[in-house]
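This report describes a single protein chain through its strands, helices, cores and disulfides. The sequence and structure are shown first.

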Amino acid sequence: MISVRLVSFVCLHFATFTLLNCLSVKDQMYANIIADNPCFLRLNGTNQFGCTSSRFGNVGTLHLVTNSTDLNWLFNEGKADPYTVAITPKMFNREVLQSIELSAKVNGIMLLMNGTEQEVINNDNLQYTGFSPEDTCPNRYSDVSSCPMKPWNPYGTDILLKSWSFPIFVVNDQNTIKDIIDCFKNHNLPLNNQNDQSLCALELKSHMYAAVDSKTCLRRTMMSYQNIRPIKFCDPLGDKNVYWSLKELHPNTPDQSVAIVAARLDATSMFQDLAPGAMSTATSIVTLMTTANLISEMLSYNDANNFSRNIMFILFNGEAYDYIGSSRVVYDMLNGNFPNDLIKLNQSHIGLFVELSQIHYDKEVVFYRPIKNNASENVINFMNIFNKSLSDDGFSVTESKSTSLPPSSLHSFLKIDPKFPGIILTGFRDQFKNKFYHSILDDAENIQYGNNSTIPQTIAHISTSLSNSLYTFITNSTYTGLKQANSSYVTKLLDCYVKSMNCEVFQSLTSPLHLPDNPPNYYISIDLITNTITSLSRLLFASFGSKIINEVQNEENCLNYRTKQGFMPIWLRGNYNACYSTTSNVTDAVSPAFIIPEYNLSSPKYSTWTESVWHEVHIRMFLRQSFKLQIIIFVLGILIFLFSFIIIKKMYDQSGIHFNNQEVHSVTNF
């Protein structure tokens, strides 16, 4: 007689083998695609923008689109819909995406970056057509001036500001791209015979929780807090503004005694974690940082204290989204909270505002200013000194004749004071030179940064001229010293802000901490997270002209050390490894719309941008059975079901005989 233990052992091992075999079959059915950069959903007070998939993902037959012929076949002859389209950058534009959406045949899109960036640009002729998903006039509804007849961003396609009904991913891994193309060629060709064969298909999953607009998703979040397990649907965009001043700021600052040098600290793109912003953002940051370092050497802290004027360098965050950072600074100024409620700096204290925007590798600088006639004396003096200094270095320095101002933080200040003494220094005339503005291609190659690059020398010259002009603003005299910006230092900063955050300068401030070995992601993200490049920029500011605090020997005591007003203690690691007293600090870069009680999120006064929450992102590739095979499997399934039903019915009819005999036998034995 077979023992119960033996039967249990056999059943257990059979179940284990079956489970393991099922898992291996599942793994053989699906191939996971390396694609961590989906297009995601962002919202403002009136609309939603970006992409989302269905809750369980979108499935479609793979179709490769490299030209209009491939697209026309899909629309007119494709019978294996829904499709997932793998598309090249040349075809990734508003017209194509809209036609795909209207066809109702496509469930998802993958943007294939096949080859190096230069190969992609050359193969798709992007050097002529450009590749910018932004609006032709970025932040058009937040500017004080209207969009000019010749729009600022002539290469803009506006696809960043549209809600798409399908998920979109970008794929950069070359081996993955090869696998996708091979799967299409091996299983989906010839195209005229797709119904009779198993086809390569993909499942794209990037389900976003938010919907409709910021007001709706925030209301849903608040309502969910009443549940046992609350759900967050979206978060406000936000980060920190970073600033540093030549000397400490005082509560009783004289009017028009502060010069502000500003640049934006953020960029954006259509895809998660891919906002390289080399020309959009990084070149201006590097110019600002180089200038701050140089002016701290031209004017030591003790020398600067001999004069009543001061300089503040500030990096505004979130400017790509209706000027989040600068509008918050203006709001705080109006409410006596900038940079805190003790100093209370406001617009009347600012005698000069200089903004750096899209500094180009060409030796050209263009002025933009809101007041062309009767400009303030500080602005005129600055322009004259800066113009002469750069012209002597062989630069073309001109003033734009446009009556409109390009997208810039200056707009936030002009809203409260049309006579605000501001000026914008750019590397473009009338229209952006940047063909990849707010694009994933706006990286080191876009600014021609590499061997024999000219941009370090260009930035060094601009920083030297800017420092000379600021020196005159402070001292009311001409700088006669020999100090000037060093192009080798500019190169080191470009390495950090364009190529990799794991660079020499940042390592000297943070070692032995491990830094990401990749270019910065300049996307602002949500207000609960501080971007890595934001923190590193503050540390870099702190290394300029700061004083060591000798009585503090460790980081914990440094953080608790009380400095005099206007200074902050900060522990610098790496080569410094000490506590420093610095004027470097941060302020909130969160829109006033999210801190004003009962603010109407439909109002255009302040930025109302939020980002959707999502849970899981993946792409899986598999073979989709042909229609004939699906019919065969369906029929076989029905037959097996009927056969099983008959067998079970027969067993049930005879069960009384077997079980009754067994019951009698067991009772007799008892």
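## Serine 543 and its surroundings

Beyond its neighbours within four places in sequence, serine 543 is in contact with Leu509, Leu572 and Tyr576, where contact means heavy atoms within 4.5 Å. Serine 543 is placed in the loop between α16 (532-542) and β17 (547-548); helices (H or I, at least four residues) and strands (E, at least two) are DSSP runs, numbered from the N terminus. Between the C-alpha atoms of serine 543 and valine 212, which are 331 residues apart along the chain, the separation is 45 Å.

## Basis of the model

The model is predicted: local features need pLDDT of at least 70 and side-chain atom pairs count only at pLDDT 80 or more, whereas totals for chains, interfaces and linings use all residues. Residues are numbered from 1 along each chain as its sequence is written, and side-chain values use heavy atoms, with hydrogens and water left out.

## The eight-stranded sheet

An open sheet of eight strands runs in the order β15-β14-β16-β13-β11-β12-β10-β20, with mixed pairing; two strands pair if DSSP finds at least two bridges between them. The edges are taken by β15 (396-399) and β20 (585-590), each of which has a single partner strand, so one side of each is left without a neighbour in the sheet. On average, and ignoring direction, neighbouring strands of this sheet are turned by 20 degrees against each other. Axes here are lines fitted to C-alpha atoms, for helices over the stretch in contact, and angles run from 0 to 180 degrees between N-to-C directions.

Strands β10 (residues 238-245) and β12 (residues 310-316) run antiparallel and are joined by four bridges. Tyrosine 243 has isoleucine 314 in β12 as its bridge partner. Helix α8 (residues 278-298) packs on the sheet and touches β10, β11 (258-264), β12 and β13 (350-357); the direction of α8 makes about 155 degrees with that of β12. Helix α16 also packs on the sheet, where it touches β10, β12 and β20, and its direction makes about 10 degrees with that of β10.

## Nonpolar cores

The largest nonpolar core has 79 residues, and those with the most contacts inside it are Phe313, Phe382, Tyr497, Phe506, Leu540 and Phe541. Such a core is a set of buried Ala, Val, Leu, Ile, Met, Phe, Trp, Tyr and Cys residues joined through side-chain atoms within 4.5 Å; buried means under 20% relative accessible area, exposed over 50%, and partly exposed in between (1.4 Å probe, protein chains only). Helix α8 supplies the largest share of this core, 11 residues.

Not counting residues up to four places away in sequence, leucine 540 touches Met289, Tyr489, Leu493, Tyr497, Val505, Phe506 and Leu509. A second, separate core has 35 residues, including Phe92, Leu111, Ile121 and Phe166.

Strand β18 (residues 568-572) is mostly covered, with four of its five residues buried. Five bridges connect β18 with strand β19 (residues 578-582), and the two run antiparallel. Methionine 568 stands opposite threonine 582 in β19. The two strands form a hairpin with five residues between them, and glycine 574 in the turn has a positive phi of about 60 degrees.

## Disulfides

Six disulfides are found in a search of the whole structure, a disulfide being a pair of cysteine sulfur atoms within 2.5 Å. With bonded cysteines counted along the chain, the pattern is 1-2, 3-4, 5-6, 7-8, 9-10, 11-12. In one of them, the sulfur atoms of cysteine 183 and cysteine 200 are 2.0 Å apart. The torsion about the S-S bond of this pair is about 115 degrees, so the disulfide is right-handed. The pair links distant parts of the chain, 17 residues apart: cysteine 183 lies in helix α6 (residues 174-187) and cysteine 200 in strand β8 (residues 199-208). Both cysteine 183 and cysteine 200 are buried.

Cysteine 496 and cysteine 503 form a disulfide with sulfur atoms 1.9 Å apart, and this link is right-handed, with 105 degrees about the S-S bond. Cysteine 496 is buried at a relative accessible area of 0%, and cysteine 503 counts as buried at 6%. A disulfide also joins cysteine 558 to cysteine 579, S to S 2.1 Å; its torsion is about 75 degrees, so the disulfide is right-handed. Cysteine 558 lies in helix α17 (residues 555-560) and cysteine 579 in strand β19, so the pair ties together parts that are 21 residues apart in sequence.
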